[in-house]
Amino acid sequence: MLDVPFWLWAAFAATVVVSLTVDLLAHRSAHVIGFKEAAAWSGLWVGLALVFGAVVFLVLGTTAGTEYTTAWLLEKSLSVDNLFVFAVIFAYFKVPRAYQHRVLFFGVIGALVFRGIFLSLGVAVVSRFTAVLFAFALVLFYSAYKLLKDEEESFDPGKSFAVRMLRKVVPVRDEYAGAKFFVKEAGKRVATPLLAVVAAIEAADLIFAVDSVPAVLAVSDDAFIVYTSNAFAILGLRALYFMLAGLLDRFHYLSKGLAIILAFIGVKLVLQASHKMISSDIPEIPSPVSLAVIVVVLAGSVVLSLRRPPPASSERPGPPADPFAGPPDRDA
């Protein structure tokens with residue numbers, strides 16, 4: 001484990017809090033976020049991540065800096081697949097574009113909390129039971145197989161556990177009430193569909209954590225590296241979504257690239273566990289090599305997608321038309 005000075009943890013926490021506060025104040029009035037605004041914010045988030053990475057290089061050394069950069073880029077690339085799910089959720093619940101940033105803002109806060117819990121547990125387990133790395137590798141291999149075979153499980157926002165639990169706890173009205181999460185009807189407090197959308201976003205992040213947590217633990221088992229890299233990748237996800245909205249289907253080879261990356265990280269985990277448990281003669285894949293592979297595969301996927309546009313029939317299926325249609329919940 002790295003000997004991380006307290007001031008560096010404090011600097012990270014202050015950066016996150018200040019950034020989220022500025023973001024919230026800048027978007028306190030609901031409005032449609034265009035490409036230019038999203039690109040500016042995306043550049044800001046990427047810049048913050050890279051500046052923090054430079055600090056990690058200077059304070060903790062080259063190895064830690066390389067691991068941070070690799071983990072950040074890995075999580076950033078895996079998070080792109082979340083954008084497709086965001087699009088499905090927003091279409092399913094017919095969320096007005098002006099309110100989508102508010103939903104993702106609270107979704108990001110929840111993701112930061114849950115990822116912190118999952119990554120802390122993952123680091124604790126890996127530090128005590130190295131054999132669990134083999135299990136993590138199997139998860140990544142299976143995820144890569146699903147992506148290559150286009151067998152990735154579909155996500156139905158209306159049937160997610162979080163949304164069903166929300167409807168059991170509080171009534172959810174059919175109509176939106178501006179950017180409000182709750183309103184009063186007949187003297188009773190009821191939720192708007194906007195709160196259900198936040199619940200669906202959180203449920204989606206929990207699903208994607210199954211892939212991203214084992215993947216980032218293959219890069220580093222240090223809590224500071226894995227959490228800060230994940231946090232900065234998640235912070236920039238909203239701006240990236242609005243910047244790429246409407247263009248996601250053009251990157252149709254990205255899923256294949258992510259499959260290659262997941263399979264590569266799976267191999268890295270197997271070698272890492274074998275090196276520790278079986279023989280020190282078994283080589284490990286250095287972080288600079290991992291970083292190079294991720295960069296090359298991502299760049300190749302994007303370039304190939306732009307050079308070979310997808311046929312019209314290959315677009316992802318659309319969401320159901322009515323978020324509150326269909327048979328009643330039998331689990332209620």
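This is a predicted model: local features need pLDDT of at least 70, side-chain atom pairs count only at pLDDT 80 or more; totals for chains, interfaces and linings use all residues.
H2 itself runs from residue 35 to residue 60. With 26 residues at 1.5 Å each, H2 should span 38 Å, and the 36 Å between its end C-alpha atoms agrees with that. Just past the end of H2 sits Gly61, with a positive phi of about 105 degrees.

Now for the pairing with H1. The axis of H1 (residues 6-26) comes within 12 Å of the H2 axis, and the two cross at roughly 175 degrees. Since angles over 145 degrees count as roughly antiparallel, H1 is therefore roughly antiparallel to H2. On the H1 side, the contact is made by Trp7, Leu8, Phe12, Thr15, Ser19, Leu20, Val22, Asp23 and Ala26, while H2 brings in Trp41, Trp45, Leu48, Phe52, Val55, Val59 and Leu60. By type, the residues of this contact split into 13 nonpolar, 2 polar and 1 charged.

Over in helix H3, Thr66 is worth a look. Thr66 has a relative accessible area of 10%, which means that it is buried, given the cut-off of under 20%. Setting aside neighbours within four places in sequence, Thr66 is in contact with Phe57, Ser287 and Pro288.

Conventions:
Residues are numbered from 1 along each chain as its sequence is written. Side-chain values use heavy atoms; hydrogens and water are left out. Axes are lines fitted to C-alpha atoms, for helices over the stretch in contact, and angles run from 0 to 180 degrees between N-to-C directions. Helices (H or I, at least four residues) and strands (E, at least two) are DSSP runs, numbered from the N terminus. Angles under 35 degrees count as roughly parallel, over 145 as roughly antiparallel, 65 to 115 as roughly perpendicular and the rest as oblique. Contact means heavy atoms within 4.5 Å. Ala, Val, Leu, Ile, Met, Phe, Trp, Tyr, Cys and Pro count as nonpolar, Asp, Glu, Lys and Arg as charged, and the others, Gly among them, as polar. The expected span of a helix is 1.5 Å times one less than its number of residues. Buried means under 20% relative accessible area, exposed over 50%, partly exposed in between (1.4 Å probe, protein chains only).
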